[in-house]
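Please open the structure in your viewer and keep the selection tool at hand. The stops below go from one contact surface to the next.

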Amino acid sequence: MTDQAYTFAYLDEQTKRMIRRALLKALAVPGYQVPFASREMPMPYGWGTGGVQVTAACLVPEDRLKVIDQGADDTTNAVSIRRFFARTAGVATTEATAEATLIQTRHRIPEQPLREGQILVYQVPIPEPLRFLEPRETETRKMHELEEYGLMHVKLYEDIARHGTIATSYAYPVKVEGRYVMDPSPIPKFDNPKLSGNAAIQLFGAGREQRIYALPPYTAVVSLDFDDHPFTASKPGHACDLCGAAHSYLDEVITDDAGGRMFVCSDTDFCAGRRREGHQGRLGGQA
Amino acid sequence: MYVAVKGGERAIDNAHAWLAEERRGARDVPELTIPQIRQQMALAVNRVMAEGSLYDPDLAALAIKQARGDLIEAVFLIRAYRTTLPRFAASNPVDTAQMALDRRISATFKDLPGGQILGPTFDYTHRLLDFTLMAEGAPEAPLPGQPPVAADGDTPPHLPHVSEHLNHDGLIEPAPQGETLPPDLTRSPMELPADRALRLQAITRGDEGFILSMAYSTQRGYGRTHAFVGELRLGRVAVEVDIPELGFAVEIGEIELTECETVNQFKGSRSEAPQFTRGYGLVFGQSERKAIAMSLVDRALRWKELGEDNIGAPAQDEEFVLMHADNVQATGFLEHIKLPHYVDFQAEMELVRRLRAEAAAAEAQQHQQQPQEAAE
Amino acid sequence: MTQPQKATEFSQSIRGAVAPLLQVAGLAKSYGARIGCTDVSFDLFPGEVLGIVGESGSGKSTLLSCLAGHQRPDQGQILYDGQDVLAMAETERRRLSRTDWAFVHQNPRDGLRMGVSAGANVGERLMAIGARHYGDIRAQATDWLGRVEIDANRIDDRPAAFSGGMQQRLQIARNLVTAPRLVFMDEPTGGLDVSVQARLLDLMRGLVRDMGLSVVIVTHDLAVVRLLAHRLMVMKSGRVVEQGLTDQVLDDPQHAYTQLLVSSVLQV
């Protein structure tokens, strides 16, 4: 049931139009950070206000919404955002990746490949991939404009010199269609390959930083690396203890005080689906 | 076992119920009413209106009540509400020279036309706890204070700005009315470099504590501007809106404002003879500390247009000041680190483990070689 | 130290044979009523080293920062390789400053990234122009550390751990790794001990000659220009009071101010 005190999906129509214009611009220039007049939302900055505004601007009554945080549908922030739209937009919700028309996510890309017609909305804390190399917005904007990305590789060089490998494990920077360097939001680098050539529309919203950027379907996205130190999408070398999946991203769960732990899929829908199909991991019978 | 790790709907519901109970407190204590907060916590209400950028004392009082007295949380509630409100019109600029004054002081002139009006201020109180306020049912004696009365008997007085007196002599830089409509920070993203109008907007809704500290740092030598309070005034001004159908402006209400204009020293520049310069502060309600701090920070940020040196002081750094002044942005991002980050942390943990394993392997190899070398 | 190359012969042979690399005409920059520099004109030919001397406040640093694009002059023209530098888009100017041009600061901290290793400092310009092979970048950085006499095993150390002389040599390596054609130097030996200065000067002279660099070097130290510069420009109160071949200017100064400079400094 929609809350009558607010318009559909909370934001007023003018604001939604403003956000849609920013989204269209972002889709037209993939990877470019489009400034937008981010609004205060009833949840705090840093808790997904950018993603929520993008979702609000994209939702139509026929949509079926899925919200995940850390890959899971049942984490508190995911529950809170899903409830917010159930209340303010009255849209149907789902936990099934395949059934969703719009998925808002924090920190993960679902394991199941997305299809044409789906929209994936990322919550972004720091949209600027160069931010921690150069704190000034005025300077980083110039660097993007002039395509001066040498500094980004200096960071990767330093990683290899110090650690023997590129020591960036999440929010791993990418280059979009050979032009803009982009922060993929803090997804694990394991998810980076899914950014490229994805059939779905990928939208990124940063509320506090007032930026929107996007990847249209089938955009080429390359993770930055060196020719002799190529990017690898690594993950812990375990299989899921519940569903036995060997190729999904895993959460480590501490099970007792004695150092006991288990590894389970971070994508809860993916894991449940596999178990329904009869797959079983090391502890699949007990959990 | 596994689901328990991830929280869920019931946990949220329970937390909200508990919060509501905590907000209400013990049931044998009467519940605060909105009029009580509005009347007796007026300065908190003012701060919430100023930083919430919404002039509505009743809603600000409600927000304070709902937020259990956490003013930043209250500001946040007001901002979230404000953003949903439709815009009917933009008012004409308020005329603070026509302010119905409750207070008006100048630190630069001992006396001046209209005189100094002290008004309701803490300034000269002794900061001693008044235990009679603690006593139940203290007698409501008629107040000894007088409403301000000007010499000619008008109540309340309208007085021109102190800076006008300096302006006559050409001693202070003119502050002409701008030609262009100022940008609206709540409707368009912050663009740097920002013009003065945009800076003032960001500062007036910025966190009082932050602006205070920035202003204080200029006084301590980090971007010193030698500020004097030329005038500090508090009072009510009419808000007028042009009605196109009528062809004239209609007064839609009154708001209380605090205005501060500083007079700052300045020893000439590339193009101008020596003149005093101005810093400006304007804040909703009685918010003197904020208005003064605002005018100091405004003045410090003007170094470029006035041809002064950038000595690298934080208060001279427009981007630093404007990007960190908003407490709703700041508190949200600060507190978001409470949210789960296990995906990222997992990735880090995996990396550290692998690096540690490699380091251990390298060390083991070295140990193996050492005895041989020693034997040679 | 070895004898400087015969400046007169070099300058006369190069001039007239090829087009100038840098042409400056009527350059002026003021700060309000105060003149930074005014009416400065000169040509710089490929492989030529121009020294600019004068005491502090003479306008030599203002001139250098205008030439290098750090400040915009009020008047005048700067042509680089025939292109009007002041009319260039910023993209183009910044591309030049990370490929064809280099700038050596007096204080190495201004020209180095103190937070990253020596290797990354040298490699940055290579990566900025597209180098993407870690091994190659590292090999070039190692080679350049050797050329500026820094031990290769210091490659992963941060410059903060280096002595002042080493930092300055690192800054030079970082600048020269992309083989620029035009190098601006602002008091590159300032703040260093005399013995360290001598070693640095010797090193710079070798690099300038081997790489055929064109250099504009600002200094208050006449010994530096005596050793490095083919031509000399003497500035006072923002104006050029005398210019010509280094040996001629220093051995037979015409302007009273130059005579004063030479007599007070060179007798040491």
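**Chain A against chain B**

Begin by selecting chain A and chain B, which bury about 4700 Å² between them, with 57% of that area on carbon and sulfur atoms; buried area here is the accessible area (1.4 Å probe) that two parts lose on being put together, summed over both. This is a predicted model, in which local features need pLDDT of at least 70 and side-chain atom pairs count only at pLDDT 80 or more, while totals for chains, interfaces and linings use all residues. Residues are numbered from 1 along each chain as its sequence is written, chains are lettered from A and ligands numbered from 1 in the order in which they are written, and side-chain values use heavy atoms, with hydrogens and water left out.

Within chain A, colour A:E40, A:W47 and A:R83, the residues that lose the most area to chain B and together make up 13% of what that side buries. The contact (heavy atoms within 4.5 Å) takes 62 residues from chain A and 45 residues from chain B.

Next, show the side chains of B:R353 and A:E252, which form a salt bridge whose closest N and O atoms are 3.1 Å apart. A salt bridge is a side-chain nitrogen of Lys or Arg within 4 Å of a carboxyl oxygen of Asp or Glu, and the count between chain A and chain B is seven. There are also 22 residue pairs in polar contact between these chains, both residues at pLDDT 80 or more; a polar contact is a pair of N or O atoms within 3.5 Å, where within protein one must be able to donate a hydrogen and the other to accept it, and residues adjacent in sequence count only if both atoms are side-chain atoms.

Now select α3 (76–88), α4 (137–145), β11 (250–254) and β12 (261–265) of chain A, each of which supplies at least two residues of the side that touches chain B. Helices (H or I, at least four residues) and strands (E, at least two) are DSSP runs, numbered from the N terminus. On this side of chain A, α3(A) gives the most, with six residues.

**Chain A against chain C**

Turn to chain C, where 22 residues are in contact with 18 residues of chain A. The area buried between chain A and chain C is about 1800 Å², of which carbon and sulfur atoms give 57%. Select A:L146, A:V154 and A:Y157, which supply 31% of the area that chain A buries against chain C, more than any other three residues.

Four salt bridges are found across this interface of chain A and chain C; in one of them, C:E90 pairs with A:K142, the closest N and O atoms being 2.9 Å apart. Which elements of chain A each supply at least two residues of the side that touches chain C? Select α4 and α5 (150–163) of chain A to see them, and note that α5(A) gives the most to that side, with nine residues.

For the last stop, colour chain B by its domain assignment (bounds come from an automatic or database domain assignment), which gives domain 1 (11–82) and domain 2 (96–119 + 155–174 + 187–332). Domain 1 of chain B contributes 13 residues to the contact and domain 2 of chain B contributes 19 residues. These two domains of chain B bury about 1400 Å² between them, 55% of it on carbon and sulfur atoms.

Finish at B:K290 and B:E51, which form a salt bridge with the closest N and O atoms 3.9 Å apart.
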